[in-house]
Amino acid sequence: MSRLCVVCGGSRGIGRAVSKLLAERGCRVAVVSRNQDAAQATVVSLAGADHMAFSCDVSKGEEVQNIFETIQKTCGNVSYLVNAAGINRCVLNTCMNQYSYRDGLLLRTRPEDMVALLHTNLLGSMLTCKAALRSMLHTQGGAIVNIGSVVGLKGNAGQCVYSASKAGLEGFTRSLAKEVASRNVRVNLLAPGFIRTDMTVGLREGGGVRTIPLGRFGEPEEVAKAVLFLLESPYITGQVLVVDGGLQLAM
Ligand code: NDP
């Protein structure tokens, strides 16, 4: 049977592009997001059959556990996990169909928004990794890609909390890679720069593009190729791969 890949945040943006590429390469894809209809819309757009959509808020431990149990029962063991579920300053909450603002200068950031960012971006990936590992340790193999950010590596004024969530993900990825390497499970972090998705919808009109050496925002499909590379590279673990058009050089 073909490999099963769980893509958290697979309904839109980078996760959707990853889901599409994995399906083209013959994987079965379990698309996870809070909005079931959006996840289902991704599923119907994928090449091949046997893909499934699941609704789950990755920041909620019980939901994550239940969904991964369901995935394992209905689809089998998980070979790949991609953690692309995340929120930033400008968040499209598809359940409520509205944009809201989650970060900004620290002095203006509400504690409840700090919690929401950390719970989704950092705790969420920890919970899904833990749940997927049950499958991977059982089969003695698997690969995980967590999506971080160049902002987590370099910092950015106005994004303290987002940056902390992504920097935390880097430490988590490296530590988990050490914990599970002996069981043939690999864990890597991909750190994108500015990518053209819902998350950057408010940024694209600004002058920020001038700071990117390649002179443009990246496309989700360009990130997906790098995610696939990490998933399929059997001798790479505990690494950070930056996909940012050279932005980090200028930060
Ligand atoms: P999008 O806003 O386009 O997509 C985010 C995805 O995550 C959606 O599928 C969304 O679905 C899902 N999601 C959000 N919150 C939750 C949650 N609590 N539980 C489950 N699913 C959730 O974002 P991008 O594709 O741009 O971002 C993907 C990842 O890449 C994020 O981690 C982001 O921080 C990171 N990144 C993005 C960059 C960019 O420039 N775009 C740059 C650097 C990093 P739903 O709303 O239905 O839950």
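Predicted model: local features only at pLDDT ≥ 70, side-chain atom pairs only at ≥ 80, totals over all residues.
**Exercise 1. Determine the strand order of the open sheet and identify the strands at its edges.**

Solution. Step one: the seven strands are arranged as 3-2-1-4-7-8-9, and their pairing is parallel. Step two: strand 3 (52-55) and strand 9 (240-243) each have a single partner strand, so one side of each lacks a neighbour in the sheet. Step three: on average, neighbouring strands are turned by 20° against each other, direction ignored.

**Exercise 2. Describe how strand 2 is joined to strand 3, and state which strands helix 3 touches.**

Solution. Step one: strand 2 (residues 28-33) runs parallel to strand 3 and is joined to it by four bridges. Step two: within this region, Ser33 stands opposite Ser55 of strand 3. Step three: helix 3 (residues 61-75) packs on the sheet and touches strand 1 (4-8), strand 2, strand 3 and strand 4 (80-83). The direction of helix 3 makes about 160° with that of strand 3.

**Exercise 3. State which strands helix 6 lies across.**

Solution. Helix 6 (residues 160-180) lies across strand 7 (142-147), strand 8 (185-192) and strand 9. With strand 8, helix 6 makes an angle of about 160°.

**Exercise 4. Locate Gln140 and Asn184, and give the phi of each.**

Solution. Step one: most residues other than glycine have a negative phi. Step two: Gln140, although not a glycine, has a positive phi of about 60°. Gln140 lies in the loop between helix 4 (111-139) and strand 7, and is partly exposed, with a relative accessible area of 40%. Step three: Asn184, also not a glycine, has a positive phi near 65°; this residue lies in the loop between helix 6 and strand 8.

Conventions. Residues numbered from 1 in each chain as written. Heavy atoms only, no water. Pairing = 2+ DSSP bridges. Helix = DSSP H or I, 4+ residues; strand = E, 2+ residues; numbered from the N terminus. Axes fitted to C-alpha atoms, helices over the stretch in contact; angles between N-to-C directions. Contact = heavy atoms within 4.5 Å. Buried < 20%, exposed > 50% of the residue type's maximum accessible area, 1.4 Å probe, protein only.
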